[in-house]
Amino acid sequence: RTIENILINHLNRANYQEVRLPILERTELFHRSVGMNTDIVGKEMYTFTDRNDELISLRPEATASCMRALSNSGMLHHKCQKVWYCGPMFRRERPQKGRLRQFHQFGVECIGVPNLLADVELLSLTHTLWKTLPLQSDLRLEINFLASSETRQRFTDVFKLFLKANESKLDEDSVRRIDSNPLRVFDSKISSTQEVLTKAPTLADFYTPEETHDFSQIQKHLDHLEIPFVVQ
């Protein structure tokens with residue numbers, strides 16, 4: 001409760017408002033938004049059929065629910081929405097250290113701001129929270145820039161060719177992801193796969209001049225705010 005109060009007070013001062021979301025959602029919401037080929041949808045969701053033969057899932061994350069709620073209420077027609085949420089999420093993962101099938105998550109969404117300063121604001125808020133908790137000395141901010149969907153597609157096409165050329169050196173899960181969700185290969189914790197990825201092309205190689213400029217501006221603002229970071 002102490003941690004939640006700290007988070008809530010900081011976000012209220014930054015003009016973020018609470019949105020409360022249902023724990024149960026139609027499964028199709030996560031199919032559309034998270035993606036059928038992700039591990040979350042493919043392996044980790046608690047899904048069942050209700051009395052009306054409708055597929056229902058316990059929420060594995062909250063962004064999709066948040067966007068659905070704001071859309072249904074007409075709030076996305078307004079200029080900007082800055083909201084936060086807190087509550088239990090569910091993943092059907094093998095219980096292990098640091099992972100629970102029911103876990104609590106606090107999240108923030110800034111919607112309708114076509115400006116990179118929204119990213120800087122969120123990073124600044126997070127940095128302030130780490131200092132207040134205090135966790136700053138135990139954490140490192142790592143940033144990247146996903147760019148446009150067109151840029152990501154150009155990169156993905158080349159990256160898939162690279163993965164196929166090195167398929168024999170990848171772990172089983174990574175091989176399975178080559179065609180379905182190749183960018184998730186970067187999440188692999190297997191040392192042999194990480195060794196291969198050190199020689200992979202990078203998304204930054206495919207940035208347009210405008211995207212390169214935007215990413216450099218984000219870094220410039222973080223430097224101005226004296227927020228240390230590492231580009232990944």
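**Entry 1: what H6 packs against**

I began with the buried residues of H6, which pack against helix H7 (172–180), helix H8 (191–197) and helix H9 (209–224). Some ground rules before I go on. This is a predicted model, where local features need pLDDT of at least 70, side-chain atom pairs count only at pLDDT 80 or more, and totals for chains, interfaces and linings use all residues. Residues are numbered from 1 along each chain as its sequence is written, and side-chain values use heavy atoms, with hydrogens and water left out.

My terms: helices (H or I, at least four residues) and strands (E, at least two) are DSSP runs, numbered from the N terminus. Buried means under 20% relative accessible area, exposed means over 50%, and partly exposed lies in between (1.4 Å probe, protein chains only). Contact means heavy atoms within 4.5 Å.

Which residues of H6 are buried? I noted Thr 151, Phe 155, Thr 156, Phe 159, Phe 162 and Leu 163. Seen down the axis of H6, these buried residues fall within an arc of 125 degrees, so they line one face of the helix. The arc is that of the directions from the helix axis to the C-beta atoms. I found a friendly rule for this: an α-helix has 3.6 residues a turn, so residues three or four places apart point the same way.

On the face of H6 turned away from the buried side I found the exposed residues Glu 150, Leu 161 and Ala 165. I also checked the length: H6 (residues 149–165) has 17 residues and reaches 24 Å from its first C-alpha to its last, close to the 24 Å expected at 1.5 Å a residue. The expected span is 1.5 Å times one less than the number of residues.

I turned to H7 and listed its buried residues as Ser 174, Arg 177 and Ile 178. They cover an arc of only 125 degrees around the axis, which puts them on the same side of H7. The face of H7 turned away from that buried side carries Glu 172 and Asp 179, both exposed.

Where is Thr 208? I found Thr 208 in the loop between H8 and H9. Thr 208 counts as partly exposed, because its relative accessibility is 24%. Not counting residues up to four places away in sequence, Thr 208 touches Thr 151 and Arg 154. I also looked at Thr 208 and Ala 147: they are 61 residues apart in sequence, and 8.6 Å apart in space, C-alpha to C-alpha.

I followed H9 to H5: their axes come within 10 Å and cross at roughly 35 degrees. Leu 117, Asp 119, Val 120 and Leu 123 of H5 make the contact with Ile 218, His 221 and Leu 222 of H9. Axes are lines fitted to C-alpha atoms, for helices over the stretch in contact, and angles run from 0 to 180 degrees between N-to-C directions.

H5 (residues 117–132) also packs with H1 (residues 2–13), at an angle of about 145 degrees and with axes 11 Å apart. In H1, Ile 6, Leu 7, His 10 and Leu 11 meet Leu 125, Thr 128, Leu 129 and Thr 132 in H5. Is His 10 buried or exposed? I put His 10 down as buried, because its relative accessibility is 15%.

**Entry 2: Arg 68**

I found Arg 68 in helix H4 (residues 63–72). Arg 68 is partly exposed, with a relative accessible area of 24%. Leaving aside neighbours within four places in sequence, Arg 68 is in contact with Pro 22, Glu 25 and Leu 29. Arg 68 and Leu 29 are 39 residues apart along the chain, and their C-alpha atoms are separated by 8.1 Å.

How many disulfides does a search of the whole structure find? I wrote down 0, where a disulfide is a pair of cysteine sulfur atoms within 2.5 Å.

**Entry 3: the whole protein**

Of the 232 residues, 36% count as buried.
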